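Student: I would like to go through this structure by question and answer. Where do we begin?

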Amino acid sequence: MSDPHAHSGSALSRLPFFYGWVVVGVAFVTMAVGVNSRTAFSLLFPAMLDEFGWSRAVVAGIFSAGFAGSMLLGPLIGMAMDRFGPRWLIPFGATMSGLGLILATTATEAWHLYLTLGCVAISFSTIVSYNGHAMFLPNWFARKRGLALGVAFAGVGFGAIVLMPFLQTVIEDGGWRMACWTMAGLLIAVAVPLNILLQRRRPEDMGLRPDGDAATPADAATGAAAEKSNIVDADWAARDWTIARAARTARFWWLFAGYFCCLFAWYAVQVHQTKYLIGAGFDPTLAAFALGLVGLFGIVGQIAIGSLSDRIGREWGWTLALSGYALCYLLLLALDSYPDPRLIYLMVAAQGLLGYGLATLFGPIAMEIFHGRNAGAILGTLNMASGLGAAAGPWSFGLIHDLTGSYAPAFWLAFAISLFSILCIWRAAPRRVRLVAGRI
């Protein structure tokens, strides 16, 4: 169903072919604030431990509860995106996430934070983050799909290097509650007006075509033929995919497992990294800077991995990205014996230059395998795995540390899980359904 407001008579429908890059620009700015509003939990984590005296598993469980909530919301978000588009859904998600951050400032018990910061702020942040944007941005591009998502998602890195040191200063001067108020204000002020004014779900709703191609009947026919030229498995591509039909295939479950494992590795280190570095004897400001530096490297990594995957294939892009997390965990293990700041920079480079490239691949892989009118709902269902992995990783790391007094067993577990995720995507084999532009 088209966005019901797409043809409202606004001048937007008369903008030229490059409007797809306007959509990317809005996503860049939205994600600079939206994703980092939850990434900042790593900065809140030590302050909450100091104030409340709870165990690491209890505090990390707040973040995990948020992703458990996003797991349950995933299919509903996908169906809502297919029906209403991002123009209204993303502002809704930003508003709900901001409300959760504000309510978290009133918390005095653990369950208060599980409900507000976890189940509201972090759960609804999935709409304004990678998952929500991956449900519609691929519609705007075919040949340059990975590159476009890389540019859009690079906003996360830009926001991280600007916001993380700033928020650490806010926490040191005014406490973690003031940081929550600050993030909520930024999120609502930036994401709501930009997306209502400029964001749209697909180019056809505005009389345009993917990649900015001309929309004349002759060119449209040529474009349609070009899109079909990348199909490898015609029978598979011709099916009208629904959630139920997709869930009866092995490919769906390989993707489910691969998405779970990669988010386990991603968010486990993201939540515990700051506390681990402080515990290893590094200055808190350096630890906060390292978290922001991951995002800065991620600007390059997401654009590079996304663009490269358009040329060499999604499986190879996924392999490079997860290799970054595997290397990250090996370097964290080395830091325990060799607390050298140079290893920190290598570790964050592995996360950002390689690992963050994962963000550009979720949407294209799912869309290229299960392309069709229900692609958003199917990706939303697969995001249940992502949410489950993102919830399990931080909580498991906290529990393992509480039981053993060390992060080393957790790091080895995440290293193995990173390698298994690579295997899963090769088994799902998007290349056997559709070729990327560089392989046609």
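**Core and helix packing**

Tutor: We begin with M48. This is a predicted model. Neighbours within four places in sequence are set aside here, and M48 then contacts F41, G53, V59, I62, L113, L117 and W176.

Student: Which residues of the largest nonpolar core touch the most other members?

Tutor: The core holds 135 residues. Its largest share, 15 residues, comes from helix 12. The residues that touch the most other members are M48, L117, Y130, Y259 and W318.

Student: Which residues of helix 12 meet helix 2?

Tutor: The crossing of these two helices is right-handed. Helix 2 contributes F41, S42, L43, F45, P46 and L49. On the side of helix 12, they meet Q270, V271, H272, T274, K275 and I278.

Student: How many charged residues are in the contact of helix 2 with helix 12?

Tutor: Sort the contact by class. It has 7 nonpolar residues and 4 polar ones. The charged count is 1.

Student: What is the angle between helix 12 and helix 17?

Tutor: Two packed helices are described by the angle between their axes and the distance between the axes. Here the helices are residues 250-279 and residues 375-404, with axes 6 Å apart. Helix 12 is oblique to helix 17 because of the packing angle, which is about 40°.

Student: Does helix 12 pass helix 17 in a right-handed or a left-handed crossing?

Tutor: First, the make-up of the contact. It has 21 nonpolar, 7 polar and no charged residues. As for handedness, the crossing of helix 12 past helix 17 is right-handed.

Student: How many residues of helix 16 are buried?

Tutor: Helix 16 spans residues 362-369 and is mostly covered. Its buried residues include F362, P364, M367 and E368.

Student: Which residues does A321 touch?

Tutor: A321 sits in helix 14, residues 314-337. Its relative accessible area is 0%, so A321 is buried. Leave out residues up to four places away in sequence, and A321 touches L354, G355, G357 and L358.

Student: How far apart in space are A321 and W88?

Tutor: In sequence, A321 and W88 are 233 residues apart. In space, C-alpha to C-alpha, the separation is 32 Å.

Student: Is V190 buried or partly exposed?

Tutor: V190 lies in helix 8, residues 176-198. Buried means under 20% relative accessible area. V190 has 21% relative accessibility, so V190 counts as partly exposed.

Student: Which residues does V190 touch?

Tutor: Start with V26. V190 and V26 are 164 residues apart in sequence, and 9.8 Å apart in space, C-alpha to C-alpha. Not counting residues up to four places away in sequence, V190 touches V29 and V33.

Student: What is the phi of A429?

Tutor: A429 is in the segment after helix 18 (408-428). With 1% relative accessibility, A429 counts as buried. A429 is not a glycine, yet its phi is positive, at about 55°.

Definitions and conventions. Residues numbered from 1 in each chain as written. Predicted model: local features only at pLDDT ≥ 70, side-chain atom pairs only at ≥ 80, totals over all residues. Heavy atoms only, no water. Axes fitted to C-alpha atoms, helices over the stretch in contact; angles between N-to-C directions. Helix = DSSP H or I, 4+ residues; strand = E, 2+ residues; numbered from the N terminus. Parallel < 35°, antiparallel > 145°, perpendicular 65-115°, else oblique. Left-handed = near helix turned anticlockwise from the far one by under 90°. Nonpolar A, V, L, I, M, F, W, Y, C, P; charged D, E, K, R; others polar. Contact = heavy atoms within 4.5 Å. Core = buried A, V, L, I, M, F, W, Y, C linked by side-chain atoms within 4.5 Å. Buried < 20%, exposed > 50% of the residue type's maximum accessible area, 1.4 Å probe, protein only.
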